Every structure is written in structure tokens, then in C-alpha cells.
Amino acid sequence: MKASDLFVRCLEAEGVTHIFGVPGEENADVMISLMDSSIRFVLCRHEQAAAFAADAFGRLTGKAGVCLGTLGPGATNLVTGVADANMDRAPLVCIIGQGSTRRLHKESHQNMDSVTMFGPITKWAHTIWDPGTVPEVVRKAFKTAEAEKPGATLVELPEDVAKQESDEPPMAPIRTRRPGADHKVVRQAVDLIAEAKRPLILAGNGAVRKRAARQLRRLAHKAGIGVVNTFMGKGAVPMSDPHCLFTMGLQSRDYINVALDAADLVVSVGYDLVEYAPSFWNHDRSTRIIHIDFEPAEIDSHYPVVLDIQADIADALWQINEALNHRFDSSGSLPLFDIGERRKLRDAIACDLAMEKADDSFPMKPQKILWDVRRHLGPDDILLSDVGAHKMWIARYYQCETANTCLISNGFCSMGFALPGAMGAKLAHPDRRVLAIAGDAGFLMNVQDLETLVRYRQNVVIMIWVDGAYGLIKWKQQNQFDGRHSELSFDNPDFELLARSFGAWGKTLTAPDQLAGALDEAFRQPGPALLAVPVDYVENVKLSTRLGNLNFSI
């Protein structure tokens, strides 16, 4: 068959259901082949948005999300979204077109070395030079993208190769079993946990895999240890669980930093240092660390690993749980620690998070917005955060019952992620409500794909926090330079009119008591809905000051 037909058959064999993208002249053959397939092509308005949508789709399904663009500017537009997926550990396969192989050796129209460009931001990138290699290249791209730790891969298909013939069949995916933990390090881990006085568990991005989260909860209960999560580890332990000590990540002192300072052992589970540097929570480098992850621990002087368990996370945790049973259960010694001793800390954080729940000021305080949002969304509904000041508030104040219900770009931290990411989330889970929260800056970076949501009639709600500035940069400059900041303000359109011009429902809040009703109405729409909420970011510096003067002991 024609190579482009074979290519699409291989995608079907991988279980691909959706491809997000913007086609070009050089991948016309693939597009025509897709028309005769079971795969739904989601035509986006910008390649970056397509990559973000595939990023979120991959994070939520565990199967590689797929995005497509053409050569030259189509490929460069994909870069940010692909890099985001790669650093946030989301499985993604990026497909790009290329000019004929007969002109790639010389100066020619839109010709550039895209594979080399994508090299630093993917796990693997390759050009298909021979149609007979299509099945192997596609299989390798998906296997590599989905292997722990997941990330992005790239396949480039030149236009003349796509037209050639091949009699090779697609390759069937084969499940790969990851290696289990060594029994000696499991025994050593149990020794270290049993010897500790004030242990904590740190749940990172890798802990939200289904099996890993289940075994992590077992360990927390079996050992009686409190669990702190990173921005991307939310829901690994439910927020209602007494073992949940909520989220760390603000680059200033917070309640949880007090507990981390006092800890003599941290059991790090699926923690990526790209999320939150260990220098922020292990200043004096005195805390001993057990590192449990799919890959060996990164070298960092503030991350002194005494036991490095490189294995399948779920299996390593299961083995530790079984070893705890074998050693202590018969004597009635489990749990090893009294989680009740963490109640003071947990209650203090919970009280802090609820401080502004009844506030009726306007523009609304971030704390109040998120209190109302959390009450409105169900435990399995999905919130996606863009990057900006709102991300820091969401990270601290929005807690989760279920893993993978709050998606925050916190490895690569890409503005513009939330709107297209919500499109990918809704297609991955059409039965769930999906809310994207973005700042007015980040929202306008990918506003064009509001039209895509309208065209596909996707009921995604986009909440815009309106402050007319690059709020996070302003916050950081104010903290660093005694309240001073550079020019960071800008003007905004009328968001309600903007929504209507796209054919979407829109509303701008004028009072705090309108939020709950507006969310109800927004989620009843047949398509996307835009909700503009004026926000009071005076609270940014107030929070920094309050935490800087925090007087709390455990």
C-alpha cells in the first residue's frame, strides 16, 4: 500500500483515536489517508494549541496524544507544546511533514533540519527515509513516548516518501513489563522507615499513575505517614484523607515547610526536580531521602539520597507494603506512626485555606474564587491551570480527591496551555466537566482555538482571571525588589463580546455572588463558555508577607 496509508494503519494499530493539528501541503497524503480511517482529526487553529491538546490528552489517558503539523513554521509552532509535554512527562507523538528528499540537501523553500531542532525537547526524533521502515518507526515512537518516564517523540515524513509503496504490515504493540525493585533495597527502605522519628512522604508527578497512587495510599495508611504532594502530584492521596498534608511549592515559607524542616526522612515517590527544586525544602541538606522512581535520582546537593530505588513505582511500593506486613503486622505494630500527630498541621492548613471562604469583596480574592470552584466541581471533574499568578493560588488552595483531576504545567510552565489543554481533556473524558482557569495574558496566547471548541461543540468552561497585567512576574518582582516592578500592564478586550463573536457563551462578573450561578449556566451550554472574573491581586504580596512572618511549630 501507499506509505501514507500504511502510516495511518500503524497509528490505528497503536490505538490512536484523535490527532490534533494543522495540516500543510507536505502532509496532504497523510491527511487523505486519515479520511479513510477510524481516527478523528481535530483541526486546530494553531499548531501550539494542537500540541497542548495532545499533551493533556496523553497525561489523562496514559496513551500518547498525537499532534500534527507541516514543515518549517508549522514545525516551529509545535515546539513549545512538545517541550511542555516532554518536561511534564506526558506521552506525546508529534508528526510533521517535510519536503521531498530530493531537495533536502540544498537551500530550498522552508527547508530546515527539524529533527535536530526537536532533539533537545524529545526522547527520540526521526525521519522516515524508506517506506519499508514505517511500521518500525511508528512503533518505536509510541513505545518510547509511553515508556516511563513518558515524554515526547517526533516522526518526520517527507512528502515523496509518503507517496511510495510498501508491502510491510503494521506492527502490533506489545506490553512491556517494567522491572521490579531489588529485594535488598526494599528491605533497607523498611529499615529506614522503621528507624525514622518524623518521616514524610513526598508525592510527585509519577505518583499519580493509577496503580502507583493506590499503593501509595496503602503505604501512608500502613505506616501512618503524612503525604505532601507537589503541584503535579495532587490527588495521589485524597484531600479528605487524614494522611493528606496538601501541597508544597510556593517559593516562600508555608506550613508544610515547617513539617519538612522537622522531618528526618522523606520518602520521595515519583518526584521530578523540575517541578520544585529541593533547595526550597531541604535548605540545610540534612534530611535523608529515599528516592522511589522509574529513573535514578537526579544529582543535586540539596537532594541527598540515601537509598535510590529505581523500579516501577507501583511495584516498589507494593513490595514495601508487603515487607511491612511481613515484619510488623503479626505483632500488631502497624501503623508504625500515629497520623493523629499530624492533625495539628493538617487542621492549620485547612483553616488557612478556608479563611476567605465568606469574603464578599469585589474584585474577588483568589482564595474565594477557588473555594467556590472547589465546591462546584465534583471529585472526578477536571481543572486545568494556565501559567501565571493564578497557578500559584490554584496550587495552594485547590485540593483534589482524585489523581489527574488538576492539570498544572509545572515542569516547562507554558503560558497558553489551559484552553487547548482543556480541549484535549474534554475529548479524553467527554463525560466529565472540564474547567480551564487562565489569566488574561495566558488566555489571549491561544484564544484562536476557542473557535475550535465552538466548531466541535465542546462544553469546556474557560474562566479568565482579569487583572490587566502579567501578574506572576509582577508578584515576583515586588517580592525581590521591595515592592517595585517593571512595566507589566496591558489592556483587554470585552471578554463577553469576544466570546459572542466566536459563537460562544460569555459572561463578565460584576459581583462575587454571581460566580456559582454563572458556573451552573456555563456548564449547561451546548458549546464552550467564557467566564471573566475580575481578581484582586493585591492578595499576592499579602500572602507572601503573611507566610514570611509565619509563626507555627509542630
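Student: In which sense do strand 8 and strand 9 pair, parallel or antiparallel, and over how many bridges?

Tutor: First the general idea. Strands of a sheet pair through backbone hydrogen bonds, either parallel or antiparallel. Now the case here, in a predicted model. Strand 8, residues 227-229, pairs with strand 9 in the parallel sense, over two bridges.

Student: Which residue of strand 9 stands opposite Asn229?

Tutor: Thr247 in strand 9 faces Asn229.

Student: What is the order of the six strands in the open sheet?

Tutor: Read it as 9-8-7-10-11-12, with parallel pairing. Strand 9 (244-247) and strand 12 (305-310) are the edges. Each has a single partner strand, so one side of each lacks a neighbour in the sheet. From one strand to the next, the twist averages 20°.

Student: Which strands does helix 11 touch?

Tutor: Helix 11, residues 313-328, packs on the sheet and touches strand 10 (265-269), strand 11 (288-293) and strand 12. Its direction makes about 125° with that of strand 11.

Student: Now helix against helix. How do the axes of helix 14 and helix 18 cross?

Tutor: Two packed helices are described by the angle between their axes and the distance between the axes. For helix 14 (residues 389-397) and helix 18 (residues 471-480), the axes come within 6 Å and cross at roughly 80°. Angles from 65 to 115 degrees count as roughly perpendicular, so helix 14 is roughly perpendicular to helix 18.

Student: Which residues meet there?

Tutor: Helix 14 brings Ala389, Met392 and Trp393; helix 18 brings Gly471, Leu472 and Trp475. By class, this contact has five nonpolar residues, one polar and no charged.

Terms used
Residues numbered from 1 in each chain as written. Predicted model: local features only at pLDDT ≥ 70, side-chain atom pairs only at ≥ 80, totals over all residues. Heavy atoms only, no water. Pairing = 2+ DSSP bridges. Helix = DSSP H or I, 4+ residues; strand = E, 2+ residues; numbered from the N terminus. Axes fitted to C-alpha atoms, helices over the stretch in contact; angles between N-to-C directions. Contact = heavy atoms within 4.5 Å. Parallel < 35°, antiparallel > 145°, perpendicular 65-115°, else oblique. Nonpolar A, V, L, I, M, F, W, Y, C, P; charged D, E, K, R; others polar.
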